[in-house]
Amino acid sequence: MKGSTLELVKVTKRYGQATAVDAIDLRVEAGAYCCLLGPSGCGKSSTLRMIAGHEAVTEGDILLGPANVTDLPPARRGTAMMFQSYALFPHLSCVDNVAFSLKMRGVDKAVRRARAMETLELVAMTPYADRLPAQLSGGQQQRVALARALITEPQILLLDEPLSALDPFLRIKMRAELKRLQKELGITFVHVTHGQDEAMALADVVVVMNQGRIEQAGAPREVFNAPRTEFVARFMGGHNIIAAPDGLIAVRADRLSLKPAAGAAGPSAGLGVEAVVRDVEYQGSYVQVGLETGEARELAAQISEAAFDAAPLAPGDRVAVTWTAADVHRISPVA
């Protein structure tokens, strides 16, 4: 299997008077893992369905490699889609679920079963080939659904929140399996999620969407450390948005330093503000400290467990909150 480049050119989707996707441009290189990330209603699932051919494009073009597939039916696009619900046929065994698309194409029974068994082996599900979906765990059902998508040898695999139904432990395990398979097969993956940690763990390219538009696209580290807009900084998490005299700035929560306000070098000695501790939450490797400033703004600081134990804080304590110029990232209020 080999992936292809995907390009969206001014792609728009309207439902009546409502615009779900607003003239977006996006290029995903062949063999890349791309995550479309954003809150509910941002347009990410509509974008995925247009790439798959399950939704008509209102305006714009979708290019897969050198071919314009905008008006092609799903079966002729070279894509395969793995749905959030997995949508396995309950009355068919695993191997027959996987072989179903080949059956629809008229492939001989022996040939399609052999191909289905090879594909089940890819996802480590060969021992469960003759079981029904109801006899499988959620993670096992996901693997079968993945095999069913892969058997068509797509150039692009489309995944619609495939991990959302799994428990947290299994979700992390399956993340690693998806990444391994994508690298092993060389297929271009486009994966819709609303989970920032999921996108950062999986993606070569993170595409943050908001109100039908792309706010920012780039490598996970770039998007997290250098958010371009207030929305991206807030949605990716881990940042404080602070009003500075010359505009908005973002400072990562783990870059804030806290000291008791009494006798401490206050904000006048550097960059910072005074604040009152609102709440303290133990998070294992760090302690999350919620803060309220005099301007009724809320900040959050992540303090290492050792540092917090050396100078404990409690709700109501007044603190000097400081950071360095190197930790400041300037952002725009809108895209």
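Helix H2 (94-104) gives the largest share of the lining of the largest pocket, four residues. Helices here are DSSP runs of H or I of at least four residues and strands are E runs of at least two, numbered from the N terminus. This is a predicted model, in which local features need pLDDT of at least 70 and side-chain atom pairs count only at pLDDT 80 or more, while totals for chains, interfaces and linings use all residues. Residues are numbered from 1 along each chain as its sequence is written, and side-chain values use heavy atoms, without hydrogens and water.

Here are the two pockets side by side. A pocket is an open set of points on a 1 Å grid over the protein atoms alone where a 1.4 Å probe fits, with protein on both sides within 12 Å along at least five of seven lines; lining residues have an atom within 4 Å of a point.

| Largest | about 560 Å³ | 21 residues |

In the largest pocket, Thr-79, Ala-80, Met-81, Ser-101 and Thr-152 are the lining residues closest to the centre. Besides H2, strand E6 (79-82) and helix H4 (138-150) each give two or more residues to this lining.

At least two lining residues come from each of strands E11 (239-244), E14 (271-282) and E18 (328-330).

Finally, the unreviewed UniProt entry places the feature "domain: ABC transporter" at residues 6-236. That span is 37% helix and 26% strand, and its end C-alpha atoms lie 25 Å apart.

Notes: Points joined across faces, edges and corners; volume = space filled by probe spheres on them. UniProt positions renumbered as here; feature names shortened; annotations may be inferred.
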